[in-house]
Amino acid sequence: MMEYRCRYCNHLIGQIEDDLVTELDLGFHRLTPAERRDIIIDDGDGHTHVKVVCESCQEMLERNPDLLLLSRPFQ
């Protein structure tokens, strides 16, 4: 199972439960090793967690770009 959550508010954005979907299908092969470490976490139980930004947090960051200077802008 693959789960997409917002990196800032932890909102569940979506899940992929189809084991036939590969990382190649999702474009993960295009990430640099550093991006991959920052975005994708394999929990060892066969689940992959992908950290992205939800629409609400994206809008908040666009309105307040200085928040990006903080390590935890919404907490």
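Guide: Let's start with polar contacts: a polar contact is a pair of N or O atoms within 3.5 Å, where within protein one atom must be able to donate a hydrogen and the other to accept it, and residues adjacent in sequence count only if both atoms are side-chain atoms. Before we use that, note that this is a predicted model, so local features need pLDDT of at least 70 and side-chain atom pairs count only at pLDDT 80 or more, while totals for chains, interfaces and linings use all residues. Residues are numbered from 1 along each chain as its sequence is written, and side-chain values use heavy atoms, with hydrogens and water left out.

Visitor: Is Glu3 buried or exposed?

Guide: Buried means under 20% relative accessible area, exposed means over 50%, and partly exposed is in between, using a 1.4 Å probe and protein chains only. Glu3 counts as buried because its relative accessibility is 10%.

Visitor: What does Glu3 touch, beyond residues up to four places away in sequence?

Guide: Contact means heavy atoms within 4.5 Å. On that basis Glu3 touches Leu12, Gly14, Gln15, Thr48, His49 and Val50.

Visitor: Thr48 is on that list. Where does Thr48 lie?

Guide: Thr48 is in strand 4, which covers residues 48-52. With 10% relative accessibility, Thr48 is buried. Its side chain makes a polar contact with that of Asp42, at 2.8 Å. Setting aside neighbours within four places in sequence, the contacts of Thr48 are Met1, Met2, Glu3, Ile40, Ile41 and Asp42.

Visitor: Now the cysteines. How many disulfides does the structure hold?

Guide: A disulfide is a pair of cysteine sulfur atoms within 2.5 Å, and the structure holds zero of them.

Visitor: On to charges. How many salt bridges does the structure hold?

Guide: For a salt bridge, a side-chain nitrogen of Lys or Arg lies within 4 Å of a carboxyl oxygen of Asp or Glu. The structure holds four. One of them pairs Asp38 with Arg7, with the closest N and O atoms 3.2 Å apart. This pair links distant parts of the chain, 31 residues apart: Asp38 is in helix 2 (residues 33-39), and Arg7 is in the loop between strand 1 and strand 2 (12-16).

Visitor: Which residue meets Glu23 in a salt bridge?

Guide: Arg36, at 2.8 Å from N to O. Here too distant parts of the chain are linked, with Glu23 in helix 1 (residues 23-26) and Arg36 in helix 2, 13 residues apart. Glu23 is partly exposed at 32%, and Arg36 is partly exposed at 27%.

Visitor: And where do Glu59 and Arg63 lie?

Guide: Both are in helix 3 (residues 55-63), four residues apart, about one turn of the helix. Glu59 is partly exposed at 39% relative accessibility, whereas Arg63 is exposed at 59%.

Conventions:
Helix = DSSP H or I, 4+ residues; strand = E, 2+ residues; numbered from the N terminus.
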